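Subject: Structure handover

Hi,

Here is the structure I promised to pass on to you. Have a look at it first, and then read on for what I found in it.

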Amino acid sequence: MKKLFIALLLLSTLILTGCSNFLLADNTVLTIDTNKKQEFIIKSMNTEQPGIVRAKTNDNQVISTNSINDDYSIDLYDPNTSTLVNYITTDYRIFDVKAASDGLFYSRVMVNDPDNIQINWFSFDKATERTITTIADTPDSVLYAYDTDKVVYLDNGNEIVFSNSLGQNNVYTLDFPINLKEIIWCDKAETGFLIGNQDGMDSSDLYQFRINDDNTLNVNKISSNTLDMDLNKDENKLVYLSQNGNKTFIYEISDFKSVSPTPLFSDMNLERVSYNGENLFFSRSENRRTQSTIWFFDRQAQSANQVTSPFGINSPIIVTNNNEIVFSFDERTYQDVTASYQMYSFIANFRFDQNNQNENSPLQ
Amino acid sequence: MRLLNLRSKLIIYNILFYLLFMLVLLFIILQAVWFYSVNSMKEELLQYGTNLNLYIQEVTSQFETNEEKINYYENNSSEFYDESVSQSTGEVELFDNEGLLLSYNSNRNEPAYMNDELEESILTGKPVLTIRTNNGIREIWLIDPLVTPNNTVIGYIGMIQNLSQADNLQSIIFEVIGTLSVIGIIIITLFSYAMGQGFTKPIKQLTEISSHINEGEYDRVIQYKRNDEIGELTSIYNKMTQNINKVIIQLRSERKRLANILASLEDGVIAVSEDGEILLTNKLIKTYFDIVDPKTIYDFNYHKSIIELFNNLKKGKRNQFEEVEVNGRDLLITGSPIKSDVAEENYLIIIRNVTSSKNLEREQRKFISSVSHELRTPLTTIIGYTDMLSRRKVDNPELLEKSLNTINREGHRLVRLVDDLVTANTVETMVFTVTKTKIDLAELLNNVVEQMKIKSWSKEIEIAYKAQENLPEIAGDYDRLSQVFINIIHNAIKFSNVGGKIDVVLTREDERYLNISIRDYGIGIDPAKKDMIFSAFYRVDEDRARNEGEGGAGLGLYLVKQVVDNVMEESVLNLKLMKEPILQFFYRLKMKALLKWR
């Protein structure tokens, strides 16, 4: 019992005298060993052009939208020159824009009918512009354009509609209504993916859908709590973000038939993913100021490297073939002396070079 | 003196172990929480550093050379400061690549001096961290180099973040652990108390039963049915007590047997140890020496012979004996060592009551003395007269007749004496037979009275005989009974005065007894000698008895008593010396006869 008392006494003394920093002593300078390696060197950065990035064209141009006062515009942004070319201007709010090879489709508020959405086709040669359909007002009115002039979207909450620039539709009905967040159609594999949540559900799920021979839809749920997805059209690979607990996982589906997702990476607070087939980028929200940073996932090293400083990213991350990433971000700009802030959106265009520096090279 | 019982110790030990466990847990949790908090904070601060670093790289990407970048950074440090502050929740300080302060929180009176951290970071080119206490609040100080893509250091960012959250968390943990400890102690105490019951109850039972066993109750059993170590112990203990009980019972039985043997011994026994401690006695020791429960041999200090004998035995003398007289008894004391396998030597002292044999010797000596005297007296008379007749011619016819009568009388007296001696010997050796028949006691007494009237006429003594009518018969030997009554009446005649009276009365006393009263009115018997009248050769008045015409040898009543006591069946005839109520110091003879046949 005596030994027990002594042990108790010693331990109590140890604790009560503040030895809680037993492993990290006070006033001792500790060097932190980090193995940070900057994968990419920022070659250039341009954040001057306003707009919200929407999609990429086949020739690596970026489609963006902008609104100034009550004017809405669809612009083409050239990452090489960092120049913006106005394409379409309208008085009506534009929801989504997607580009096919010959033109673009965009959704906007219908004239004189704010409860309905109009989907328009605009050819890049500016020769043709027409309304191809009207759909019920759905949040964001998400579109996906493919092929030369085809688009797929959701109508009436449960109808997947395939249209072309001539307005010819094929409608396929889902068994359940859904609030669509994103939709993708892989024409080569004749399979599509959509992210949406059913009524009453807080989180969105990822579904794969196919068109059966009898023109019915075959829908399979692939994942729950899905935040974002991106398709590599060339390689028919899909990546998506799925949240599990407090971590977000990046999955890849290589085989659209067997659909066996492969986890690539996980971290906290991942928001969006972009995949150009070779490089995979994702954004991660930083808790402060609701900003996000963009990271590059090294598939070989199975590690991620931060690429940008925090931005208020409000668009998909477009990765071009020229080691460029394009996205748009919100920025509060001090407006006038009355200390009011206005939110602006700018297109950020980062051009990177691969960092060939030896990671062990000394600081200069 | 026992300070703590087993249950208390169990409780205290459990509490102490629990406290130790909770302290260890607390220590580990505090360390873990602290380490985790600091680590998390460190990662967060490093992230801030990285964010600023990238921001700087983004902004200075327009410049080609490192110098341009450094200049731009230094010239626009306030912009970068604003950017970093917008990201961080703590204090930020920006330094140039030589460690000079560029920007800090202008609301502070003075910047925090992060010189140690800067020195280390400049030296190693790596981030450094320190935990410091500022006004009682612990803070994490971190310096992170700001580098160009080709690892050229542009400057340093210093971040200070307080760890109050971690401290608060630790306080909460303290409180939680403290509360859990208190609750745990209560639960542990109750649980230990209850658990201790299970442990201490059989031990208490063991103790209690051991106490009972110590007091001699060997039949106690502990009830404990569980199959654990204590169950084994109690099972073995129960078997042990059962065995002890058996042995005790055996020992008691043997002891009782030994006590019975000792009690049935006709000799006194003293077993004594070498140092005088009494090991064993029997009750005759009390009878002989009037000593109750002697502890040591020296309790016999009033009986020196015993102690002397013991001392002689101790000296190595063997087979000691001594004859002593104690309290009116003749005792033969013998002593010898007790043979034993063990080294200690004990002694056995035997005390034999030889009073009767001594008395017998004395009686024999007295008998021989009396017999020789009785024989000598008439023989001397006969020899005297025959000598006189043979030596002198006696012409006097009267003298001659007297001499011849005397010779004849003394001769007859010798014959009677011999007859009496033979009868006495026969009675003592019990060699004559007894013939039992139905006897009319009234008729028998009548015949005896008529026979004795012949003798009583010489002294003019009247024998009055009265018998109750219709008395039942008794069983007995006619001759022996006649002899008894003859001797008693003969004795009455001898000790009655001339002209006296003897009353012989036969009555029925109750359903079982007849009462025969033979009462004389003569000289009576001295109360002091009443016990002696039935002794052999006892005569109250020696001269009178010898000079009487009959001249008895003192065997008459002796023979009566011998016949009554030894020959007749028990209780056939009880001879008693009844006290005459009127004459208080004189005794009359009275007999009771048992009605054997009914």
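Let me start with one pair of residues: B:Val147 has B:Val153 as its bridge partner, and that partner lies in S5(B). Before going further, please keep in mind that this is a predicted model.

Strand S4 (residues 137–147) of chain B and strand S5 (residues 153–162) of chain B run antiparallel, with nine bridges joining them. Both strands sit in an open sheet of six strands, and if you trace across it the order is S1(A)-S3(B)-S4(B)-S5(B)-S1(B)-S2(B), with antiparallel pairing. Which strands are at the edges? They are S1 of chain A and strand S2 (101–103) of chain B, each of which pairs on one side only.

So where does chain A join in? S1(A) pairs with strand S3 (residues 128–134) of chain B in the antiparallel sense, over two bridges.

Now for the interface as a whole. Chain A puts 53 residues into the contact and chain B puts in 57. About 4600 Å² is buried between the two chains, and carbon and sulfur atoms give 61% of that area. As background, the accessible area lost when parts come together is often used to give the size of an interface.

How many salt bridges does the rule find across the interface of chain A and chain B? There is one. The side chains of A:Asp33 and B:Lys126 meet in a salt bridge, at 2.7 Å from N to O. As for polar contacts, 10 residue pairs count between chain A and chain B, with both residues at pLDDT 80 or more.

On the side of chain A that touches chain B, the elements giving two or more residues are helix H1 (2–16), strand S1 (30–31), strand S2 (40–46), strand S24 (280–286) and strand S25 (291–298) of chain A. H1(A) gives the largest share of that side, with nine residues. Sorted by class, this side of chain A has 27 nonpolar, 18 polar and eight charged residues.

There is also a hairpin in chain A to look at. Strand S13 (residues 159–164) and strand S14 (residues 169–173) of chain A pair over five bridges in the antiparallel sense. A:Ile160 stands opposite A:Tyr172 in S14(A). Four residues lie between S13(A) and S14(A) in this hairpin, and A:Gly167 in the turn has a positive phi of about 90°.

Finally, a word on confidence. For the complex, the predictor gives an ipTM of 0.86 and a pTM of 0.59.

Chain A has a mean pLDDT of 82, with 86% of its residues reaching 70 or more. Confidence in chain A is highest in strand S17 (residues 205–211), at 93, and lowest in strand S30 (residues 341–354), at a mean of 70. Over residues 358–364 of chain A the pLDDT is below 50, and this stretch has 12 contacts beyond near neighbours in sequence.

For chain B the mean pLDDT is 81, and 87% of its residues reach 70 or more. In chain B, strand S12 (residues 462–467) has the highest confidence, at 93, while strand S16 (residues 573–579) has the lowest, at a mean of 48. Residues 543–550 of chain B stay under 50, and the model has 19 contacts for them beyond four places in sequence. Where pLDDT is low, the predicted coordinates should not be read in detail.

Cheers

Terms used. Residues are numbered from 1 along each chain as its sequence is written. Chains are lettered from A and ligands numbered from 1 in the order in which they are written. Side-chain values use heavy atoms; hydrogens and water are left out. pLDDT is the predictor's confidence in each residue, from 0 to 100. Contact means heavy atoms within 4.5 Å. Buried area is the accessible area (1.4 Å probe) that two parts lose on being put together, summed over both. A salt bridge is a side-chain nitrogen of Lys or Arg within 4 Å of a carboxyl oxygen of Asp or Glu. A polar contact is a pair of N or O atoms within 3.5 Å; within protein, one must be able to donate a hydrogen and the other to accept it, and residues adjacent in sequence count only if both atoms are side-chain atoms. Ala, Val, Leu, Ile, Met, Phe, Trp, Tyr, Cys and Pro count as nonpolar, Asp, Glu, Lys and Arg as charged, and the others, Gly among them, as polar. Two strands pair if DSSP finds at least two bridges between them.
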